[in-house]
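Have the viewer open as you read.

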Amino acid sequence: MSRDRGIIVDRELSHAFHNGINTTLLIEKIVRERVFDSLYYKQFCFNVNAATILDRAVELACIGSFEQSGRPFPFLCLLVKLIQLAPQREIIDFYISQERFKYLRVLGLLYVRIVYRDLKSLRPYLEDYRKLRLYEHGEWRLCHVDEVVDKLLNDEFFIGIRKDNLTNVITSDIDEINGNRITMT
């Protein structure tokens, strides 16, 4: 015997849209849900805006998506919050152009790559050779900003986040939000 039950499809949707798509949907649903459930997000990202997120971003000490325990790194939490906030392009350009905080720059570059898909604005940062701590594929390693920019330009995934071919993810999320309910048996 099957019953048609509606499921709460999504939470924490942004009020901002980019090219007609809710910006929060640019990150895959499972990643969003794990970030929204994380303690770091609830403590430090819940009530921030484009200006106060800087306080958290300058404290970043590494780049990564999820620890082996499944807990998201602060970098990923801040990225999801930044995408949810959808600040103006001038603010993101400020994040990228400043020289002092390298992790803030990488956060801004990844945001530009995911939201604006602007490859041309990433190319000048191939000349930034500062070291970064990167947690990827279950291990720590040192890399440089130019390596990260190269990955943003050429690879499909970076720290487990898909940068291109988001149409399938977005379409399935939009279908769920527009009322195409999932049935449970």
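## Helix 4 against helix 6

At roughly what angle do the axes of helix 4 and helix 6 cross? This is a predicted model, and the cross is at roughly 50°, with the two axes coming within 10 Å. Axes here are lines fitted to C-alpha atoms, for helices over the stretch in contact, and angles run from 0 to 180 degrees between N-to-C directions. That makes helix 4 oblique to helix 6; angles under 35 degrees count as roughly parallel, over 145 as roughly antiparallel, 65 to 115 as roughly perpendicular and the rest as oblique. The crossing is right-handed, meaning the near helix is turned clockwise from the far one by less than a right angle.

On the helix 4 side, the residues involved are Phe75, Leu78, Leu79, Leu82 and Ile83. They meet Tyr103, Val106, Leu107, Leu110, Tyr111, Ile114 and Val115 of helix 6. Take Leu79: leaving aside neighbours within four places in sequence, Leu79 is in contact (heavy atoms within 4.5 Å) with Leu107, Leu110, Tyr111, Ile114 and Ile161.

Residues are numbered from 1 along each chain as its sequence is written. Local features need pLDDT of at least 70 and side-chain atom pairs count only at pLDDT 80 or more, while totals for chains, interfaces and linings use all residues; side-chain values use heavy atoms, with hydrogens and water left out.

The protein chain averages a pLDDT (the predictor's confidence in each residue, from 0 to 100) of 77, and 75% of the residues score at least 70. Residues 1–10 fall below 50, and that stretch has 16 contacts in the model beyond near neighbours in sequence. Residues 165–171 are also below 50, with nine such contacts. Where pLDDT is low, the predicted coordinates should not be read in detail.

## Fold and core

The secondary structure comes to eight helices and seven strands, taken as DSSP runs numbered from the N terminus (helices are H or I, at least four residues; strands are E, at least two). Of the 185 residues, 46% count as buried, where buried means under 20% relative accessible area, exposed over 50% and partly exposed in between, with a 1.4 Å probe and protein chains only.

The largest nonpolar core has 49 residues, and Ile63, Leu79 and Ile114 touch the most other members. Such a core is a set of buried Ala, Val, Leu, Ile, Met, Phe, Trp, Tyr and Cys residues joined through side-chain atoms within 4.5 Å. Elements giving two or more residues include helix 1 (29–36), helix 4 (74–85) and strand 4 (131–136). Helix 6 hands over the largest share, ten residues.

## Helix 7 alongside helix 6

Helix 6 and helix 7 have axes that come within 10 Å and cross at roughly 10°, which makes helix 6 roughly parallel to helix 7. Val106, Leu109, Leu110 and Arg113 of helix 6 make the contact with Val145, Val148, Val149, Leu152 and Leu153 of helix 7.

Helix 7 is mostly covered, with seven of its ten residues buried. Asp146 and Lys151 are among them. Besides helix 6, the buried residues of helix 7 pack against strands 3, 4, 5 and 6.

## Two loop residues with positive phi

Ala86 sits in the loop between helix 4 and helix 5, with phi near 50°. At 23% relative accessibility, Ala86 counts as partly exposed. His137, in the loop between strand 4 and strand 5, has phi near 55°. His137 is exposed, at 76% relative accessible area.
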